[in-house]
Amino acid sequence: MYNRNSIVDAAYVNILGFSSIFNIGDSREILPKANVFAVQREAEVFYDNEGDFSKYDLFQLPIPRPIKSENVVTSYIHEKPFIRTKFVKIIAVSTSAVFHIGSTDLIDMEARVKHTRQLFRPSGALDPEEQSGED
Amino acid sequence: MNFTVINKDINVVFCRVTAVATSSVFLIGDVNNVGASAVFDTPPESLIIGPFVPLAPQ
């Protein structure tokens, strides 16, 4: 397939993080992947041995793909061979996201995020609602 | 099925984006195939109240 040329005079990106891509120029395949185990704790406690991805199905199960039921024959007419942008400003690109200037054939991104919140109660202490006897 | 795309002139002056996040794409150009999947899990049991313990230790 014949692709158009992308013309960007200036681009500004502030933050680029966590398996994300900023690409200038053409590419064939972009396949970023990110597994995130996000823990929010009531106090600043960090254990360096936690977060085994294999213990959660979320990081193991295959993602269902749409099934192609009909064969579509596409044809493109590019009346103008350029995509022009004067200025692009992006604050952040994160977690297997892509900012791409140029043409590509395939982009396949995958992000899996598991959130957990942990509130501190010393062992033996009851929840205030439980102590009041109300539902 | 036959499908025809006619691309006319594109001329953007200024584009401001706050964030591109969690398997999303901002593309200035042409692409044939895009697959974007995001799995996000916050079940009720993700709220843990008790003494701090390491979660899923290795």
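Which residues of β7(A) are buried on one side and which on the other? In this predicted model, A:Val98 and A:His100 are buried on one side of the strand, while A:Phe99 and A:Ile101 are buried on the other, with the result that both faces of β7(A) are covered.

**View 1. An open parallel sheet is built from strands of chains A and B.** Three strands follow one another in the order β2(A)-β7(A)-β3(B), and their pairing is parallel. The edges are taken by β2 (21–24) of chain A and β3 (25–28) of chain B, each of which has a single partner strand, so one side of each is left without a neighbour in the sheet. On average, and with direction ignored, neighbouring strands of this sheet are turned by 5° against each other.

**View 2. The strand β7(A) pairs with β2(A) and with β3(B).** Four bridges join β2(A) to β7, residues 98–101 of chain A, and the two strands run parallel. Within this pairing, A:Ile21 stands opposite A:Val98, and A:Phe22 stands opposite A:Phe99. Towards chain B, β7(A) is joined to β3(B) by four bridges, again with the strands running parallel, and here A:Ile101 has B:Ile28 as its bridge partner.

**View 3. The largest nonpolar core draws its residues from chains A and B.** Eleven residues make up this core: A:Ile83, A:Val88, A:Ile90, A:Val93, A:Ala97, A:Phe99 and A:Ile101 from chain A, together with B:Val17, B:Val20, B:Phe26 and B:Ile28 from chain B. The elements that give two or more residues to the core are β6 (82–94) and β7 of chain A, along with β2 (10–21) and β3 of chain B. Among these, β6(A) gives the most, with four residues.

**View 4. A:Val88 touches residues of chain A and chain B.** When residues up to four places away in sequence are not counted, A:Val88 touches A:Val8, A:Ala10, A:Ala11, A:Tyr12 and A:Phe99 in chain A, and B:Cys15, B:Phe26 and B:Ile28 in chain B.

**View 5. B:Ser46 is a loop residue of chain B in contact with chain A.** The loop that holds B:Ser46 lies between β4 (31–41) and β5 (47–50) of chain B. Its relative accessibility is 5%, under the 20% limit, so B:Ser46 counts as buried. Leaving aside neighbours within four places in sequence, B:Ser46 is in contact with A:His115, A:Thr116 and A:Arg117.

**View 6. Chain B is a chain of strands that is more spread out than a compact globule.** Chain B has five strands and zero helices, which follow the pattern β-β-β-β-β along the sequence. Its radius of gyration is 21 Å, well over the 10 Å that the globule rule gives for 58 residues, so chain B is more spread out than a compact globule. The C-alpha trace of chain B spans about 60 × 35 × 25 Å along its principal axes, and 28% of the 58 residues are buried.

**View 7. Chain A contains eight strands and one helix.** From the N terminus on, its elements run β-β-β-β-β-β-β-β-α. Of the 135 residues of chain A, 33% count as buried, and the accessible surface of the chain comes to about 8800 Å², of which 51% belongs to carbon and sulfur atoms.

Technical notes:
Residues numbered from 1 in each chain as written. Chains lettered and ligands numbered in written order. Predicted model: local features only at pLDDT ≥ 70, side-chain atom pairs only at ≥ 80, totals over all residues. Heavy atoms only, no water. Pairing = 2+ DSSP bridges. Axes fitted to C-alpha atoms, helices over the stretch in contact; angles between N-to-C directions. Core = buried A, V, L, I, M, F, W, Y, C linked by side-chain atoms within 4.5 Å. Buried < 20%, exposed > 50% of the residue type's maximum accessible area, 1.4 Å probe, protein only. Contact = heavy atoms within 4.5 Å. Rg over C-alpha atoms; globule rule 2.2 N^0.38 Å. Areas by Shrake-Rupley, 256 points an atom, 1.4 Å probe, with all protein chains shown as cover.
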